[in-house]
Amino acid sequence: MSRIKHISIVIILAFLGLIMLLDLNKIPNQFEYANSIYHHITNNAVGETGSLNFVTAILYDYRAYDSMGESTIIFGAVSGIVLLLSRKTLPVSSHGLSFIVKRTYGMLTPFIFLFSVYIIAHGHLSPGGGFQGGVILGAISIIFSIVYGSEFDYKRYTPTTKTLLETSGALLFIGIGLIGIIYSGSFLSNLNILNSEPGSLLSAGSIPFINLGIGFKIGAGLAIIFYSMIQKTFKEEASL
Amino acid sequence: MIILKYLLLIFLGVTAYLAISFKEILISIIFLSIFSIVLTALYLIHNAPDVALAEAVIGAGLNTAIFMTVISQIRADEDCHCRKDD
């Protein structure tokens with residue numbers, strides 16, 4: 001029975017793959033049309049937004065409203081996980097890993113932090129942006145709990161601090177959107193606050209601010225998710 | 001470059017198959033992490049460094065840590081259960 005099931009699954013997957021491969025050839029080549037969005041973005045994006053990285057220009061300028069929806073989804077996920085899993089007990093963990101690992105990670109942490117801040121701040125110039133840099137910020141906190149034991153990071157940066165960081169990031173994003181209504185009449189329109197020439201760090205209007213807000217929001221949100229997940233484990237370890 | 005691309009695609013398929021073929025969940029998580037790293041290289045070859053960065057950080061780093069936490073939590077639950085039965 002299970003053998004027939006396996007073979008049928010493989011046949012169905014192969015059939016679906018063949019259909020997708022055939023459909024892939026039917027996608028119209030967008031280089032052929034003169035007025036397609038591809039030509040508009042490659043010709044005008046630097047002049048309109050000042051961002052050299054077109055992916056960031058689309059994510060936080062042309063389609064910034066979609067990014068706000070995505071960050072709302074992450075906010076909902078964090079709220080749900082905290083509601084389901086969080087307990088009001090201080091996590092009591094093991095003492096972490098060995099002395100060598102602790103010292104090595106202690107020396108590496110400033111560089112990891114610098115890298116994440118670099119990715120956030122240069123989101124409009126090089127690959128990356130608020131989301132990727134924010135995940136590295138969250139990863140610093142997560143590796144702290146693995147290497148030093150969960151008490152270390154929990155006592156220094158309590159969930160209240162992390163929640164404050166997350167909501168301030170979200171408020172920065174929405175605040176820039178609301179200022180856009182007053183300034184030029186549409187939600188999340190590009191305020192030309194930083195308007196030096198494209199390619200320098202202080203360029204691209206409000207995109208760096210939105211990157212900063214998204215970075216804090218994602219980093220703090222992922223750290224909150226991780227710490228609310230381990231709290232239950234360590235409570236049960238303590239009860240044994 | 002084309003040879004490297006197809007080699008990585010084959011390796012992607014192999015790691016994806018290995019990830020679902022083990023009973024031990026810990027091995028599956030490690031293979032998923034390798035899957036993410038191979039996918040990162042493929043994204044880089046296809047000129048998508050933004051997606052590659054996100055995949056490297058989330059797929060290889062964060063997913064592994066969160067899955068490990070979930071596994072340890074489930075096993076702690078199971079241990080508690082056994083000890084209560086004894």
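**Exercise 1.** Which residues does H124(A) touch, not counting residues up to four places away in sequence?

*Solution.* Before starting, note that this is a predicted model, in which local features need pLDDT of at least 70, side-chain atom pairs count only at pLDDT 80 or more, and totals for chains, interfaces and linings use all residues. Residues are numbered from 1 along each chain as its sequence is written, chains are lettered from A and ligands numbered from 1 in the order in which they are written, and side-chain values use heavy atoms, with hydrogens and water left out.

Step 1: list the contacts (heavy atoms within 4.5 Å), which are S51(A), L52(A), N53(A), T56(A), S200(A), L201(A), S203(A), A204(A), I207(A), P208(A) and N211(A).

**Exercise 2.** Decide for H124(A), I140(A) and N47(B) whether each is buried or exposed.

*Solution.* Step 1: recall the cut-offs, with buried meaning under 20% relative accessible area, exposed over 50%, and partly exposed in between (1.4 Å probe, protein chains only).

Step 1: H124(A) counts as buried because its relative accessibility is 0%, and I140(A), in helix α6 of chain A, counts as buried because its value is 9%.

Step 2: N47(B) lies in the loop between α2 (25-45) and α3 (49-85) of chain B, and it counts as exposed because its relative accessibility is 69%. N47(B) also has a positive phi of about 65°, although it is not a glycine.

**Exercise 3.** Describe the largest nonpolar core and say which element gives the most to it.

*Solution.* Step 1: a nonpolar core is a set of buried Ala, Val, Leu, Ile, Met, Phe, Trp, Tyr and Cys residues joined through side-chain atoms within 4.5 Å.

Step 1: the largest one has 29 residues, and I210(A) and F226(A) have the most contacts inside it.

Step 2: at least two residues each come from α4 (64-85), α6, α8 (159-184) and α9 (207-239) of chain A, together with α3 of chain B, and α9(A) gives the most, with 11 residues.

Key. Helix = DSSP H or I, 4+ residues; strand = E, 2+ residues; numbered from the N terminus.
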